[in-house]
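Okay everyone, thanks for coming. Let me put the structure up, and then I'll walk you through a few parts of it.

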Amino acid sequence: MSAPHAVISGASIAGLSAAWWLRRTGWEVTVVERAPSFRTGGQNVDVRGVAHEVLERMGLVDAVRAANTTETGTVLVRQDGSVRAELPSDGPDGATAELEVLRGDLARILLDDLPDGVEVLYGDTVAAVTDREDAVTVVTTGRRRFDADLLVVAEGVRSSTRDLVFTDPGDVDPRDLGVTMAFGTIPRTADDDDRWRWYTAVGGRQVHLRPDPYGTTRAILAYAGEDDLVDRGRGDLVDALRRRYEGVGWETDRVLEGFAATDDLYVDRLTQIRMPSWRRGRVALVGDAAWCVTPMGGGGASLALTGGYVLAASLVGAVDGAAVDRDFVDGPLDRATVERALTSFDDWMRPLVDDVQGIPDGMIRFAYPRSRVGLAARRAADAVLLGTPLRKLAARMTQVADTERPLPPLVTAS
């Protein structure tokens, strides 16, 4: 009997995790990726909570540990660069996680470990989706056509494929957090060390410097404000950042000079995605397209890794109508089986995502103080929260993607 076929739109961490697990459970898998080739680079991500166990089951913990960013801790600094506080980094899930890795490096590890039978098609995108009783038909801009058992949308926060399927009012609730982040790689200097250094200034502005394993430094300019810099050209973008960061000091001028020259400058307006359902018929959403938590929530890569596993486990378990250990899925799946599986996937992932997305009221204003009074209050709160008596409480704030529930059972085909 022929294997069921899944089309995955997006070679993201979520998409590659789904591809890995679906293939290991007997599926034929086709990944369609918009970029013309594998996308390297990116900023820090980490593996936290239940994603540790997922990575262990994949046998990739050592590979990820070997690709570590070299970051050893996280400190808050003053304008002169001196340390005013240190965030807890004890244990595997501190502010700097045990498994701290660049996004591109984690994606490369997953890509290189994909089982035989996964086809990755670069430079193409989904143009049309028709969800029928017997199959979901996917047509790409490159005029490829697939009649599949399942479509997995693993794109970004502004997913175009999601918007082809989830078209009813209330299907997608994008929430603008009012924060813009600009990311880029800049030259390393002798003053850089192995810590994440984080400076907060008035006007809702932050500057971040983080080490990487390639002898360069990853920089972030993050600010709260209304101007949206997404899709601006490099010159216009850097000019706007210079105006925004005038007078901030510390390493800001160096970062701006680096951004003007780097080839990986990227800007994003932080937007959470909330949806009442991540499934429709034979279509499932995973990763940022489904539940983008943004860096403010944290744990996005961990949720992406976990989502791929839970999706595959739910499909295996639904074949007999219950969560059972099976070796693999074989043969085409009827619509009722797919819908039952996707319901289980949604039900298992929902509490994990809800816990991360619940950013408390006032957190943005606390993290990005606008006035000198607000900045003084923030520094006083940091001193209290990061002091010895409350340090354990502060450490728990980095515990994301964590659950006491066991992962759904799954026995792979190999």
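**Starting from one leucine**

So, let's begin at L22. Skipping the neighbours within four places in sequence, L22 is in contact with A6, I8, W27, V29, L150, V152, A312 and L315. Keep in mind that this is a predicted model.

Why pick that residue? Well, the largest nonpolar core has 88 residues, and L22 is among those with the most contacts inside it, along with W291 and M349. Helix α10, residues 300-318, gives this core its largest share, 12 residues. There's another core lying apart from it, with 24 residues, including V207, L209, L221 and V267. As general background, nonpolar side chains in soluble globular proteins tend to be buried together.

Now the helices. α1, residues 13-24, packs with α10 at an angle of about 30 degrees, and the axes are 8 Å apart. Angles under 35 degrees count as roughly parallel, so that's what we call α1 relative to α10. On the α1 side, the contact uses I13, A14, S17, A18, W21 and our friend L22, while α10 brings residues including A301, L305, Y309, A312 and L315. The crossing is right-handed, by the way.

Last stop, the sheet. It's open, with six strands in the order β7-β2-β1-β11-β18-β17, and the pairing is mixed. β7 (118-122) and β17 (279-280) are at the edges with a single partner strand each, so one side of each has no neighbour in the sheet. Further in, β1 (residues 5-9) and β2 (residues 28-33) pair in the parallel sense over five bridges, with S9 standing opposite V32 in β2.

Key
Residues are numbered from 1 along each chain as its sequence is written. This is a predicted model: local features need pLDDT of at least 70, side-chain atom pairs count only at pLDDT 80 or more; totals for chains, interfaces and linings use all residues. Side-chain values use heavy atoms; hydrogens and water are left out. Two strands pair if DSSP finds at least two bridges between them. Helices (H or I, at least four residues) and strands (E, at least two) are DSSP runs, numbered from the N terminus. A nonpolar core is a set of buried Ala, Val, Leu, Ile, Met, Phe, Trp, Tyr and Cys residues joined through side-chain atoms within 4.5 Å. Buried means under 20% relative accessible area, exposed over 50%, partly exposed in between (1.4 Å probe, protein chains only). Contact means heavy atoms within 4.5 Å. Axes are lines fitted to C-alpha atoms, for helices over the stretch in contact, and angles run from 0 to 180 degrees between N-to-C directions. Angles under 35 degrees count as roughly parallel, over 145 as roughly antiparallel, 65 to 115 as roughly perpendicular and the rest as oblique. A crossing is left-handed if the near helix is turned anticlockwise from the far one by less than a right angle, and right-handed if clockwise.
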